[in-house]
Each structure stands twice: as structure tokens, then as C-alpha cells.
Amino acid sequence: AMLGRVLLLLFLFGLHRASAADIDYCTPAPVGSYVEPLRFLTAEKAQYIAQAFGTPIYVYSMDKLQTQAQAALNFPNAYGLTVRFAMKSSSNAAILQTFHKMGLNIDASSVTEIARAVRAGFAPDQISLSTQDLADGFEEWVEKGVKINACSLDQLERYGRAFPGTSIGVRFNPGIGSGGTNKTNVGGPASSFGIWYEWMPQVKALLAKYSLTCNRVHTHIGSGSDPAVWVRAANLTLGLVAQLPDVSTVNLGGGYKVARVATEHSTDLQVVGKPVRDAFVEFYRNYGRMLHLEIEPGTFLLANSASLITSVRDIVSTGSTGYNFVKLNAGYPEIIRPSLYGAQHPLVTIPSKPNPRVCSYVVVGHTCESGDLLTPLPNEGSALGARPMQEVQLGDLVVVEGVGAYCASMSTINYNSHLQAPEAMLLTDGKVALIRKKQTFEQLLQNEVPLP
């Protein structure tokens, strides 16, 4: 009996010695695997920011924002150009102020976005509203100079009742759409955005009923749209404009493809812009109208202009036939795009171990959701996709790249009661400015009203 107890103790001691440190969490990535690099941060700068402000934290590059804004301002045009920042992509006041100084105007998607833009320094007449929900109070902003694009027949009717005898913009669905996924496609018969192009007679009837002048036509077919489809949609839009003789401004939206990872391709604005410019010239020849062009970039301006610095909280394995999972202290609340769209974002290790190996990892977030996945297969938000990365250790930093657009602004903040992450700006002189403080626990609870 004594011998049996001794053997059992030795066995248990052996199990204890076989700790996590004895498990190799690195499945070597295939030879030649491409490891994504940092974009604008250095390892030293990322470590400094993490120590100064904690993680997770978004970091925007002022230099990148200005460079992309200037590229948009250089979009080919025949008779004038207005660039409107699609502020839904990232609506922090510091970003709005940066683009305001660059001469951009605003595309707002809600009445509240109008108020935020005005607070950041934009004049009401620099703002255009295209919205799924024309909320109460829009009349006050119209009186101050905000431009409205009616996105449905009911919106056109409501505007006409409130402001008969004035001018209005109309957003049409041109009959085609194109997006990086079906969830970002906002044109064609499966989309609710804009007035279906076949309802032109109804549009004209409402314009006549309220003595309205349609001086703007707006279309937008999707985010991450195919360049060829975008140009085709532009030509279809001009066909609609030809039926409305008072239109002087054409807004073709945005949605230009931006490559976040090496396997993707970005849209060249000069390439897609030239045939559109030529189409405007041809329109002038045929109809005698010099049309002013508007575009509404969001992703183009911001996608690769920000990084999310995170920390490795845990590493787990499901054995030789499973996966090695890296758990970050960020996920759904900070970057939902991979889970929602199957979007691909570079993940870059800042290793503490010298000469790290290149390993295949599935990277997941910090919420209690199996779908909180940062490395899905392309366009498949729920399918695991192992990613080649430099070997990570507990506590290492991992930088998620390409998070400038539709991440902080599309956050599921406070899920699992995680606090909203702070945001910072890397200035052109190399200094770092905090542009949003981390949410406090008190702020998390401040609007809750306990039962009596």
C-alpha cells in the first residue's frame, strides 16, 4: 500500500512538472510564409505608447491622414470637386479637425453626426446628410444650411412638406452594387439604400407637388467596391442626372478598395477617376451642363492610417490536430470587422524573445464569444484561419493594422463590460497626443437608473 501511494505521488508530481511551459505553442508556419510588417509605428514607439497609456489603444498617424486626404483632393475632375469625409468611418473630433484643416467637407449619416461635425469646427453648409433615418430635428439643421439627400420617397415627401419651393438632393439606387462582401454592398435590388432608379416618375411627381428643385444627385454602391463596377455606376448615375435638368452636382459616394494585407489590392483613384472625368466632359457636350463632382471617402482616408496596440493575455492549444490560439486583450469591442465581414487585418508581433520563430496562430479576442475572431478566412467571419506571425509570449504586444476605419466608430463597446479603449494621434513631429481617454468604470454606469 505504501509503495502504491509513493508511485501515485510521483505520478502526480510528474503531471505537475508537465506545466504550460512544457507545451510548444508554436506550430511552425510553412517555409517562406509572409509575415506582415508594422505600417507606421516602430516597435519602440509601440512599446512607449503601451507603457504610457496602456493597451488596447488605437493610434492614428497624422502623416497618413494628411497624405490620404491630399490623394482624395487630387481626384480627377472636369468642373470642380468637393471631397466629403464619410465621418461614420471614424468620428473622433481630432480626426474631424484634421480633415477640416485640409479643406474636406462632411458626409453625415445621422443628425447626431451633424452636431458632432459642427462642434469639431465645420460650418453647417459644409455638411451633407444621407441617412437611413431622417430623424426629428433635421429641419433645424436645414435652416442652418445643411444639405439633405432624400434617400427614400417618404424622405422626399417629408422634406417637401417642411420646405416647399426649395432645393433638395436625391439619392438613387442605380440598380447595381458592389462591396467587399454582401454586408457592404449598398446598391442593387438587395439593398434598401436610396430610391430605386425605376421610381424616377414618382420622384418627379413629388418634386412638382412641392415645387422642389433637385440640384444634386447622389449614388453610393458599396464599400470595397470593384473599380470597374464603380465606373459603370458613375455612368448610370449620369443617365439619371440627364432626366433631372436642374442638377448641377453629382455625388458618386466612396467605397474605394483599400488593401490592408499583402494579398489585397487598392483602388488607384487616378485610374478610376479619369474615365469619370471624361464622362462628365461628354455629358457637358451632350447636355450643356458642367457638373460639379463630389466623392465621399472614408475607408480610403483612414483604413491604413491607424493601428491597434494590444497585449497577449493567454496562449492555449487544442493539441496536434487542433490549433494554437493567441488571446488578446482586444476583440469585438475594438475591432468587429473580422467577425462581421471576414475582413483581413495584419497582426504584427512585437516579440520579447530574441530570434523568434514564425508560427501559425489563430488569434482571438477577449469576449465570451466563439465568434470573437481576429484571423478568419477571407470573407468568412466564422471560419478559423491560422496566420503566420512571429512567435509570441505572454505579455508581448501584438499590433493589429488597418484599423482606422469602421473600428473605433463601429465598436460594440461595453460588451462583457469591457471599457471603451482610448485613442491617440502620432503627430508629424513624432510626439503622441491622447485624443480619447479610456472610459472609466463610473462612465460605464453613469446612465443606468436603479429601480426604486
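The model is predicted, so local features need pLDDT of at least 70 and side-chain atom pairs count only at pLDDT 80 or more, while totals for chains, interfaces and linings use all residues. Residues are numbered from 1 along each chain as its sequence is written, and side-chain values use heavy atoms, with hydrogens and water left out.

Salt bridges come up 11 times, each being a side-chain nitrogen of Lys or Arg within 4 Å of a carboxyl oxygen of Asp or Glu. One of them joins E157 and K209, with N and O 2.9 Å apart. E157 sits in helix α7 (residues 153–162) and K209 in helix α8 (residues 200–209), 52 residues apart in the chain; helices here are DSSP runs of H or I with at least four residues, strands are runs of E with at least two, and both are numbered from the N terminus. E157 is buried at 18% relative accessible area, whereas K209 is exposed at 54% (buried is under 20%, exposed over 50%, partly exposed in between, using a 1.4 Å probe and protein chains only).

R436 and E423 make another salt bridge, their closest N and O atoms being 2.6 Å apart. R436 belongs to strand β21 (residues 432–436) and E423 to strand β20 (residues 423–426), so the pair ties together parts 13 residues apart in sequence. E423 is buried at 3%, and R436 is partly exposed at 26%. Elsewhere, D24, K353, R357 and E391 are linked in a salt-bridge network.

E334 is another story: this residue is buried but has no salt bridge, and K438, the nearest side chain of opposite charge, is 8.7 Å away (Lys and Arg count as positive, Asp and Glu as negative; His and the chain ends are not counted). E334 lies in the loop between β13 (324–328) and α12 (337–341).

As for the nonpolar cores (sets of buried Ala, Val, Leu, Ile, Met, Phe, Trp, Tyr and Cys residues joined through side-chain atoms within 4.5 Å), the largest has 97 residues, and F85, F99, I106, F172 and L328 touch the most other members. A second, separate core of 14 residues includes I49, A50, V59 and I350.

Finally, strands β16 (residues 376–377) and β17 (residues 380–384) pair in the antiparallel sense over two bridges; pairing takes at least two DSSP bridges between the strands. P376 has L384 as its bridge partner in β17. Two residues lie between the strands of this hairpin, where N379 takes a positive phi near 65°.
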